[in-house]
Amino acid sequence: MILVWGVPNDRPVAAVRAALERRHEPVFFLNQHDVLDTELDLSVNGGVEGVLRLGAGEVELGRITAAYLRPYDSVRLPEVADAPTEVAARAASFDDAMLCWSELTSARVVNRPSAMASNQSKPHQLALIHAQGFRVPETLITTDAAEVEAFWERHGEIIYKSMSGVRSIVSRVTPQHRTRFSRLAHSPTQFQQWIPGRDVRVHVAGEEVFACDVGSSAIDYRYPRNGEEAPQIAACCLPGELAVRCRRLAASLGLDLAGIDLRCTPEGDWYCFEVNPSPAFTFYAEVIRQPIDDAVARLLAGG
Amino acid sequence: MIVVVASSYDAHARSIVAHWESGGAAMLRAEDLCRPGWSVSVPRTGRGAAVIGGRIVKLDQISGILTLRPGIFAPELRAIRADDRAYVAAELTAFLLEWLMAMAQSCPVLNRPSLSCLAGPNWRLEQWIHAAARLGVPVRTRCRQVRKDCSPHTEEQAIEIISVGERCFGCDDSRSQSWTRRLAAAAGTDLLCTRFSLTDGELLSAHPWPRLTDPDVLAAVRERLGSER
């Protein structure tokens, strides 16, 4: 039995469910919108046992051979957000119990929450990426305006972005920012040398690697300011050695499924910026018909 | 210098720093993260500067770090605009994680952070029980039910053991001490607190955040953090 946990209209969840159906795999879909009607019994010693009940259906946890997880925080779901405190607490308790199971089960979990946590500290993840032999942009985290000025002088062009898992728009530092440098003292801020080149998004699903070129003149292609900056996605091939390194990187982070952000400079140097442990791969795959959903389904099915 | 990473609202952490002050201990508070002077690089260079107890400190002046907080929490950031506190708390936690991980390469960090906690593994009780059982430690099976009508949890009488590296405190039972050390080693944590049933000796719970109130425990922690630089 393969467990899929998430909300039905989330595109990667829908794509993986559809791919599993095409393979006629047995699927237990744990719809988060039903969290208040779902029950879980979990029993742990040297083994992990229990039962998951949802409406008329139930599944013994021991029968789950693989799981694809893309849950939201249940307390933010509309069913729970306006509910009494004790209801929200129960939903949070359910999430926690499920996440606990996903850490302990011997089933393949795509991906375990503990592995996904590297994305909560981007500078630390960058250090891990560098340790795997990738070039990474030189990065400075500081509360000191003079340090930023020196870093900027050294690199010519620099950007700033968030360090945590909270999404932010990558922005280029311009002379106008100098008026805000005094605010740096309020919180350490992450600056990076600007790396020119073309963006390549790589998805690793087990042993399978998919790459696509993302053309955009935007600093952060996820947030184009106009139609001209909208990303143009095209399938591409990675040099063989780089594909192997991407697989190794994902494995080193404990990720069966990963979205890896690379950039190839005009000189042909490859830089790695970040690894997304819960990639919304459909954003890329739907445009160029890359069968990443099928690869995830194969991974879950053990094939 | 020994650095104690803690909240300025943590009275116990303040007392530890006061106890060690003659040996050059200082507290790294959230307020210190919001002062000019920090400089951290990736890739790691081993150079840089930190702000500890309001003073700018070179990294090679730090001989050991005791972490007493799992993360930075928004409510303590009173100097930050209320709407921004959650974001800044996440940023500060992300920053501290990399700083502590980098420092762990050059000095003892108790407990070394994990990806989801600044002070040791962020395991749930079930994960400790599971790890202990796999090491051969007798455990009390942990049952968790998430239902509309959950029964209340009852406390059982237990002995408590605190391990600091190889040393154990709290109870002289050598078997329980040995199990505690093995579990701490398996979890990769220097500090661990375990509770074993008085009735049958089974492991009831474990966590890597022992209360450091016993002077002997505190002395062992200080010793493990190394000599003054």
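Predicted model: local features only at pLDDT ≥ 70, side-chain atom pairs only at ≥ 80, totals over all residues.
When the C-alpha atoms of chain A are taken along the principal axes, they fill a box of roughly 65 × 45 × 40 Å. Of the 303 residues in chain A, 41% are buried, and among the contacts in this chain with a separation of 6 or more, 64% are accounted for by residues 24 or more positions apart.

Chain A is divided into three parts, with domain 1 spanning 2–110, domain 2 spanning 138–193 and domain 3 spanning 197–301. Between the C-alpha centres of domain 2 of chain A and domain 3 of chain A there is a distance of 26 Å.

The contact between the two chains draws on 44 residues from chain A and 41 residues from chain B. On the side of chain A that touches chain B, at least two residues each are supplied by strand 3 (38–44), helix 3 (85–104), helix 5 (122–131) and strand 8 (139–142) of chain A. Of these elements, helix 3 of chain A provides the largest share of that side, 7 residues. Sorted by class, the side of chain A that touches chain B comprises 19 nonpolar, 18 polar and 7 charged residues. Strand 8 of chain A, one of the elements named above, also pairs with strand 3 (residues 39–42) of chain B, in the antiparallel sense and over 4 bridges. Within this pairing, Thr139(A) has Val42(B), in strand 3 of chain B, as its bridge partner.

The largest nonpolar core of the model contains 153 residues, and those with the most contacts inside it are Ala67(A), Val296(A), Val4(B) and Ala132(B). The element that gives the most to this core is helix 3 (residues 85–103) of chain B, with 13 residues. The surroundings of Val4(B), one of the residues with the most contacts inside the core, can be listed individually: when residues up to four places away in sequence are not counted, Val4(B) touches Ala13(B), Ile16(B), Val17(B), Ala25(B), Met27(B), Leu28(B), Leu66(B) and Leu68(B).

Key: Residues numbered from 1 in each chain as written. Chains lettered and ligands numbered in written order. Domains from an automatic or database assignment. Contact = placed C-beta atoms within 7 Å. Nonpolar A, V, L, I, M, F, W, Y, C, P; charged D, E, K, R; others polar. Pairing = 2+ DSSP bridges. Core = buried A, V, L, I, M, F, W, Y, C linked by C-beta atoms within 7 Å. Buried ≥ 20, exposed ≤ 12 C-beta atoms within 10 Å, placed from the backbone.
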